Amino acid sequence: MELTAEQQKAKNLIISGINVFLTGGAGTGKSYVLKQVIKTLLANTTVVCAPTGIAAINIHGITIHRLLELSPEKDIINSHPDHVSNKFEKIRTVIIDEISMCRSDLFIWLSRTLKMAERKYKHPIQLVVVGDFYQLPPVLATPAEKEYFANGKAYAFNTSEWESWNFRPVILHQVIRQNDNEFSSVLNSIREGYTTSIQYLNSRSAKNPLKNTITIVSRNREANAINLQKVRSLTGDWKLYNSQVSGQINDQDKPVPDKLKLKEGALVVFTANSADNTYFNGTSAIVTHLDHDHIKVRIANFSEEITVYPFTWTIYDYRLVKEDNHRKLEKVQIGEYQQLPIKLGYAITIHKSQGQTYNAANIVPAGWAPGLLYVALSRVRNINQLHLLSKIEPQMVNADPNVIDFYKHLQQYKDSHRLSNQNFKTTAIQIPIVLKSDIQEIGHFNNEQIKQLRNFIHTFVQKQYEA
């Protein structure tokens, strides 16, 4: 798949070294752009991470906690980073995916650590953040957290650290996942908190529950209850499949359960992409045979059975290693997790569905948290591929006012910069003193000169693309 014009612009800006905030609605190809960027950037100077283990695995990266060497129990609200790991010596670019789920205290810790690293190792670090704040917000688990982070304080963009990075915003508008323009427009209105499309969704979605497809619910207990009840109703014996773990694996690194109990006839959903393209992450299938080391399944619209063997997920970390008397950053394998690449596919939570695409879905609408309804509805490509198990009510359309204001200012920023740079190509460029002829080689620049040159290049590239 080729990059669209706006996706290519995003890629070009990122690889130019500018601090970028890449955003856009569900299905606009943010993750695809990110994968193309990662392929282009130098692997031994680039770190890719995400707030959750599942999101990190999807981009073959690591969690932010692992990058910062933070234990889950660490109090990052009241404490401050006081040291920098030596791995940051060679890091030049840090990329964060699913930034909407990165809580503000974790982002502050990350930002301050990067700045400490810049001072200690005397080189700049590029920060690229990717995600959609209209989707699921950071998790606030306790009443105390909900009170402390009230009024939008949980969002990374509501911190002074966010402002300090002076991100160049790139908003993707062209939806790739949905090929129905009317459905895409409706989803975007739900994303932004408008209730005018509720009647369209209630009347145009599939009238009857869709067979052999996943149900998307808002609570873990609902998903677990549906999965257990459905499998129990099947005849035949249970078969247990245990995972195999090696190395340093945390629970959040595990994309599927350690113990997977199946019966023939069970509906499952894949959690990985096969090397031969026989199945993809999010594909549903029916189990037709259980063996001791593999299963067979049948995917809808395919007549042949597919044999599914355990899949191996590689867990990574970044370390500073010595090679030929030089120190370099290296992405190293720290463990492996092996299990059948499936979960019971009768039900999944909205939170776990973010980033997934399903052929079809039955949805229990909910809106007790911002973005819930939008994320659930946007998992499918067409409106006839979803069935609503209850009607959507106006109060379910829940967009956080803080997010709405943030994106309004983001668009105003883009509009003002576009206007101010319309005549850029005819404007004289003032070359800073560090580029005068008396300096012959960049290799002789001191730290201040390097900083000036980098800032000049960033400004030049930014104006070039805005023009």
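### A walk from the parallel sheet to the aromatic cluster

The model is a predicted one, where local features need pLDDT of at least 70, side-chain atom pairs count only at pLDDT 80 or more, and totals for chains, interfaces and linings use all residues. Residues are numbered from 1 along each chain as its sequence is written, and side-chain values use heavy atoms, leaving out hydrogens and water.

Strands here are DSSP runs of E with at least two residues, helices are runs of H or I with at least four, and both are numbered from the N terminus. Two strands are called paired if DSSP finds at least two bridges between them. In general, strands of a sheet pair through backbone hydrogen bonds, either parallel or antiparallel.

Stepping back, β4 and β5 sit in an open sheet of six strands, with parallel pairing and the order β3-β2-β4-β5-β1-β6. The edges are taken by β3 (62–63) and β6 (168–172); each has a single partner strand, so one side of each is left without a neighbour in the sheet. Helix α1 (residues 5–15) lies across β1 (20–24), β5 and β6, and runs at about 155 degrees to β6. Such angles run from 0 to 180 degrees between N-to-C directions, with axes fitted as lines to C-alpha atoms, for helices over the stretch in contact.

How does the protein look as a whole? It has 14 helices and 20 strands. Of its 467 residues, 51% count as buried, a word that means under 20% relative accessible area, with exposed meaning over 50% and partly exposed in between (1.4 Å probe, protein chains only). The accessible surface comes to about 23200 Å², and 48% of that belongs to carbon and sulfur atoms; the areas come from the Shrake-Rupley method with a 1.4 Å probe, and for residues only the protein chains shown count as cover. Among contacts (heavy atoms within 4.5 Å) with a separation of 6 or more, 74% are between residues 24 or more positions apart.

Rings of Phe, Tyr and Trp (its six-membered ring) pair if their centres lie within 6.5 Å, and planes under 30 degrees apart count as stacked, over 60 as edge-to-face and the rest as tilted. By this rule the count comes to 18 aromatic pairs. In one of them, the rings of Phe21 and Phe133 have centres 5.8 Å apart and planes at 50 degrees, so the pair is tilted. Because Phe21 lies in strand β1 and Phe133 in the loop between β5 and α6 (143–148), this pair ties together parts that are 112 residues apart in sequence. Phe21 counts as buried at 1% relative accessibility, and Phe133 counts as buried at 1% too.

Another pair is stacked, because the rings of Phe157 and Phe406 have their centres 4.1 Å apart and their planes at 10 degrees. Phe157 lies in the loop between α6 and α7 (160–164) and Phe406 in helix α13 (residues 401–420), so parts 249 residues apart in sequence are tied together. Both Phe157 and Phe406 are buried. Ring pairs link these residues into a cluster that includes Phe21, Phe133, Phe157, Phe167 and Phe406.

Phe167 brings us back to the sheet: this residue is found in the loop between α7 and β6 and counts as buried at 8% relative accessibility. Beyond four places in sequence, Phe167 touches residues including Phe21, Phe107, Leu127, Val129 and Trp162.
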